[in-house]
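Welcome to this guided tour. Open your viewer, keep the selection tool at hand, and take the stops one by one.

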Amino acid sequence: MMVSVMRTKAKTALVLVVALGLLILHLYKDFSDKKTIQPHVSKGSRLLTQIPKSTYQWSLCKRKTAAANITGFSSLPHNLKDFLYYRHCRHFPMLLDVPDKCGGAGKSADVFLLLVVKSSPLNYDRREVLRKTWAMERQHNGLWIRRIFISGTTAEGHEKSRMNKLLELEQREYSDILQWDFTDSFYNLTLKQILFLEWMERSCPDVRFLLNGDDDVFAHTDNMVEYLQNLKGNDGSKHLFIGHLIQGVGPIRSPGSKYFIPVQVQESDSYPPYCGGGGFLLSGYTASVIYNMSQSITILPIDDVYMGMCLAKAGLGPASHVGVKTAGLQIPSKTLDAYDPCFYRDILLVHRFLPAHLYHMWVRVHDPDLDCSIKPGKQR
């Protein structure tokens, strides 16, 4: 009898221990699932590096080893091999976000011109100058101009951490950076564009117009607003894609070129018409069309060409605008000052400016005492 009672007590104790263990496990799991280390939030920005993995982190994209079986693969440069290995990857963890940049998705139509600036983490000086000049968030003619920088990551180890910290510090002050955890390189510019367009569909779906450009351009954004404001019958809900038009060209097959595209990446010897990637203007409607088309078009490393491919698939095309000079501004004579503000007063965009020159030019073209009746080259 005593043995039976002891066995019963032992079983009861065992059941209680198991039950207690299960309860502790359940509570721990529940706590882990709900646990969030609150990121710093300023002006609608988010630092996502400490948000739970289940919320913002996709599983790491695996290398497609079958790419090595492509004819001639072994002879390609290392960066192109990498591109082919990971060409299928389109989703990466988001490190920095500004979900309310356009006032929220429902109010994004209030943004007339969204400035989308491609910028490497290293280019702090360029971003600082742009914030004080043409990319300043403001109203012009009563219409809102907003700014966003789009970036990946750079370097490795401690250097990568330092660069990411730099962008976090900027984000705390300005709330103007979108960053994803992919390598910010020339061959990943198309990926950067696709990730931005995906973000736009979510956070700024009804923005009227966009300037998409590099962080080393001089963009006369006041002129852009006036040009777009005067378009007849297009408030951003119809097709628009303008810039420096390039057509009748194809892939550069020379391995020594920055733009080298071998047949293993692009078999066709021709590109559709496209606008130079230094900077172009497009409507919110067209941005959405490009994003939708991109879902079924294999990524090409040359981002401006890829935009043209998406337009072509949609039966649309880019157009030329004389005020967009992504190949640089042609000065009439070498004896003239290439940075005479009168050459830049009426343009929309010029590529390749150093930060100091860019700041100087923005101030000069807005000088109320600027007199362009004086012959070019004379002292102003």
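This is a predicted model: local features need pLDDT of at least 70, side-chain atom pairs count only at pLDDT 80 or more; totals for chains, interfaces and linings use all residues.

**The whole chain**

Begin by showing the whole protein chain as a cartoon. There are 10 helices and 15 strands to find. Of the 380 residues in the chain, 47% are buried. Now think about contacts with a separation of 6 or more: residues 24 or more positions apart account for 76% of them.

**Stop 1: two loop residues**

Select Asn141, in the loop between strand 4 (138-140) and strand 5. Is Asn141 buried, partly exposed or exposed? Its relative accessibility is 46%, so Asn141 counts as partly exposed, since that value falls between the 20% and 50% cut-offs. Its backbone deserves a look too: phi of Asn141 is near 55°, a positive value in a residue other than glycine. Most residues other than glycine have a negative phi.

Next, select Ala155, which lies in the loop between strand 5 and helix 5 (157-174). Here phi is near 65°, again positive in a residue other than glycine. Ala155 has 39% relative accessibility and therefore counts as partly exposed.

**Stop 2: strand 3 and its partners**

Colour strand 3 (111-118). How many of its eight residues are buried? The count is eight of eight. Strand 3 runs parallel to strand 5 (residues 143-153), and seven bridges join the two. To see this pairing, select Leu115, which stands opposite Arg147 in strand 5. Strand 3 also pairs with strand 7 (residues 209-214), in the parallel sense and over six bridges. For this pairing, pick Val117 and find Gly213 of strand 7 opposite.

**Stop 3: helix 9**

Move on to helix 9, residues 303-313. Nine of its 11 residues are buried, so the helix is mostly covered. The buried ones are Asp303, Asp304, Val305, Tyr306, Met307, Gly308, Met309, Cys310 and Leu311. What do these buried residues pack against? Show strand 3, helix 6 (189-203), strand 9 (241-243), strand 11 (274-275), strand 12 (279-283) and helix 8 (284-294) to see their neighbours.

Zoom in on Asp303, a residue of this helix. Its relative accessible area is 7%, which is why Asp303 counts as buried. Leaving out residues up to four places away in sequence, Asp303 touches Lys118, Leu189, Thr190 and Gln193. Then step past the end of the helix: just after helix 9, Gly315 takes a positive phi of about 75°.

**Stop 4: a cavity**

The structure holds one cavity of 30 Å³ or more, and the largest cavity has a volume of about 50 Å³. Which residues line the largest cavity? Select Gln193, Phe196, Leu197, Leu210, Asn212, Leu282, Ala287, Ile290 and Met307. Helix 6, strand 7 and helix 8 are the elements that give two or more residues to this lining. The largest share, three residues, comes from helix 6.

**Stop 5: the nonpolar cores**

The largest nonpolar core has 53 residues, and those with the most contacts inside it are Leu178, Trp180, Phe196, Leu210 and Leu300. Helix 6 provides the largest share of this core, seven residues. Another core lies apart from it, with 36 residues, among them Ala135, Val324, Ile347 and Leu349.

Return to the largest core and centre on Trp180. Neighbours within four places in sequence aside, its contacts are Phe92, Pro93, Met94, Leu95, Ile150, Ser151, Gly152, Thr153, Leu195, Phe196 and Trp199.

**Stop 6**

Finish with an open sheet of three strands, in the order 8-15-14 and with mixed pairing. Strand 8 (217-219) and strand 14 (324-325) are the edge strands, and each pairs on one side only. Strand 14 runs parallel to strand 15 (residues 349-351), joined by two bridges.

How values were computed. Residues are numbered from 1 along each chain as its sequence is written. Side-chain values use heavy atoms; hydrogens and water are left out. Helices (H or I, at least four residues) and strands (E, at least two) are DSSP runs, numbered from the N terminus. Buried means under 20% relative accessible area, exposed over 50%, partly exposed in between (1.4 Å probe, protein chains only). Contact means heavy atoms within 4.5 Å. Two strands pair if DSSP finds at least two bridges between them. On a 1 Å grid over the protein atoms alone, a cavity is a set of points where a 1.4 Å probe fits but cannot get out, and a pocket is an open set with protein on both sides within 12 Å along at least five of seven lines; lining residues have an atom within 4 Å of a point. Grid points are joined across faces, edges and corners, and a volume is the space filled by probe spheres set on the points. A nonpolar core is a set of buried Ala, Val, Leu, Ile, Met, Phe, Trp, Tyr and Cys residues joined through side-chain atoms within 4.5 Å.
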